[in-house]
Amino acid sequence: MQRSAADIDVVIIGSGFAGIGMAVKLRQMGHEDFVVWEREAEVGGTWLVNTYPGCACDVQSHLYSFSFEPKPDWSRTFSPQAEIRSYLDHCVDKYGLREHIRFNTELARAHYNDETGLWELHDGKGGFCTARVLVSGMGTLSRASIPDFPGLDQFDGKVFHSQQWDHDYALQGKRVAVIGTGASAVQLVPEIAPQLAGLDLYQRTPPWIMPKWDHPVPKWIQGLFRRLPASQNLYRKLLYWFLEFRATAFTLAPWILKLLQPQARRNIKRQVEDPVLRAKLTPDYVLGCKRILLSNNYYPALCRDNVNVITSGIARFTADGVIDQAGIERKVDAVILATGFAATEPLPPGVLTGRGGVDITTAWASTGPQAYKGTTLSGFPNLFLLAGPNTGLGHSSMVFMLESQIQYVMDALAKMDARQVHAVELQPVALEAFNARLQRKLAGTVWMKGGCQSWYLDRSGKNVTLWPYFTWQFRLATRRFDIENYACHALGASGNEDGLELKARAA
Ligand code: NAP
């Protein structure tokens, strides 16, 4: 390998599924010159920090796990948060990653130095290192979105976001307002409702909810998977293709989703007797436009006497309550913000600056977040974004997408190594062509045409989060690093980056 003067060859930010998956592959390829920066004291990413009651995955665990590390004894079809987190811990130990992880180390600023061709990384506590390659595993659903509700700062009671659950705060017997009815709320409301004196659920838009086929995995199945790994592999493949079939509806034929609406309506009717409540809970947009949620206990929880679904909107907060748009004040002891994440603004300004000191938020100012194959950007050499723009899914496992991206990065490293290339930098024309095609495809999807507002879209209404094709198409697109679409930089004799392109030799 052509050596640079970097302190470390590869720095990975984050130790969730993305960072851990990347680290495992680096070690498996004999690449030991890497570290993982993790802002928390433990690994797990989203599965470490989200600990709200009822937190679980809504993608089947046998698929929502690494292909290279099957777990035969998943306890349930859709495993709870703690089990997923301990699975990631297990991966860290099994693959010997712990010594590579710098805990309590948050990326404060990453800056690409044009002179040296290196990333300069600051942790905000005086820690600093340079890296040749920067891999972001920071995810898109990690920055809590806290709406600017009038008066919220004057509320004297307890306030926390679902992602920052305060387990020291006893909810028993309290009056609580939950704001939001997305995936997090649907999981936590049924868990907390029985212990509360009252729960006011502030719903802006009702989600479509389908039954969740969640059950304990029988011991004999776990035993079968342990003794006969091929059987688990087969099950995983069946799950994959079952879910992949659903992508047809999202991407090719949204009319199929309309056909499923009567089933979803029956799900409401079966569980909610009160016609007024039923009307409140019935969406008026096409199923799938927002994430389809899975739950068996959400509607029953809303039918409880101590739960009140409020649809008149929040006007403002007072010192001890919430006033809705109809002018009614409801007193509460605590407010739980289940208001989601800043998915379309994954990074604040000042964290990532590329060539010429251009901030990534400036690079995205006129287009919204975009990347080539969700992974690379022009002007940001040797930066790889895992779970980057337009890699999200409405129908299958993100782990599949992450493993695809990791393969792409690994092939990039191998090609750079083989060709004595110090840095690769995406050609702008590739970025533009890729995203023009992607946005054309997105225009026909239910996410754009289904008549809803969702976190998939940025402020301008552009979908910057979802992958609008089949996931196997993403796997094909990322199976090899197409170096011909990149400018390749060599190190100059002085050890500095040449700056100009070394003609990329086509693979
Ligand atoms: P979310 O789906 O974005 O839901 C946020 C909720 O807050 C929505 O109901 C939204 O209403 C409401 N809201 C936001 N701002 C508001 C405002 N100013 N006033 C009133 N209501 C407001 O967030 P989430 O539930 O945290 O889920 C986000 C994503 O995380 C999910 O879609 C999923 O991808 C992931 N997640 C996954 C799981 C899992 O099981 N794997 C669990 C939790 C989360 P509107 O609908 O009107 O915008």
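## Ligand contacts, a cavity and salt bridges

In this predicted model, an oxygen atom of the ligand is 3.1 Å from an N or O atom in the side chain of Gln187.

Residues are numbered from 1 along each chain as its sequence is written, and side-chain values use heavy atoms, with hydrogens and water left out. Because the model is predicted, local features need pLDDT of at least 70 and side-chain atom pairs count only at pLDDT 80 or more, while totals for chains, interfaces and linings use all residues.

### Around the ligand

Backbone atoms take part as well. An N or O atom in the backbone of Asp58 lies 3.0 Å from an oxygen atom of the ligand, and for a backbone N or O atom of Ala183 the distance to a ligand oxygen atom is 2.8 Å. Which residues come nearest to the ligand? Of the 22 residues around it, they are Ala56, Thr181, Ser184, Thr205 and Lys290; a residue is near a molecule or strand if one of its heavy atoms lies within 4 Å of it.

### The cavity

Searching the whole structure turns up 1 cavity of 30 Å³ or more. On a 1 Å grid over the protein atoms alone, a cavity is a set of points where a 1.4 Å probe fits but cannot get out, and lining residues have an atom within 4 Å of a point. The largest cavity has a volume of about 40 Å³, where grid points are joined across faces, edges and corners and the volume is the space filled by probe spheres set on the points.

Its lining consists of Asp58, Ala183, Val186, Gln187, Lys212, Leu293 and Leu294. Two or more residues of this lining come from each of α4 (183–192) and β11 (293–294). The most come from α4, with 3 residues. Helices (H or I, at least four residues) and strands (E, at least two) are DSSP runs, numbered from the N terminus. By class, the lining has 4 nonpolar, 1 polar and 2 charged residues, with Ala, Val, Leu, Ile, Met, Phe, Trp, Tyr, Cys and Pro counted as nonpolar, Asp, Glu, Lys and Arg as charged, and the others, Gly among them, as polar.

### Salt bridges

How many salt bridges does the structure hold? There are 23, each being a side-chain nitrogen of Lys or Arg within 4 Å of a carboxyl oxygen of Asp or Glu.

| Glu32 | Arg27 | 3.0 Å |

Glu32 is partly exposed, with a relative accessible area of 39%, and Arg27 is partly exposed at 30%. Here buried means under 20% relative accessible area, exposed over 50%, and partly exposed in between (1.4 Å probe, protein chains only). Glu484 is partly exposed at 36%, as is Arg480 at 33%.

A salt-bridge network links Glu42, Arg85, Asp89, Asp93 and Arg98. Arg98 sits in the loop between α3 (81–94) and β3 (101–102) and is partly exposed, with a relative accessible area of 34%.

Technical notes:
1 Å grid on protein atoms, 1.4 Å probe; cavity = no way out; pocket = protein on both sides within 12 Å on 5 of 7 lines; lining within 4 Å. Polar contact = N/O pair within 3.5 Å; in protein donor to acceptor, adjacent residues only side chain to side chain.
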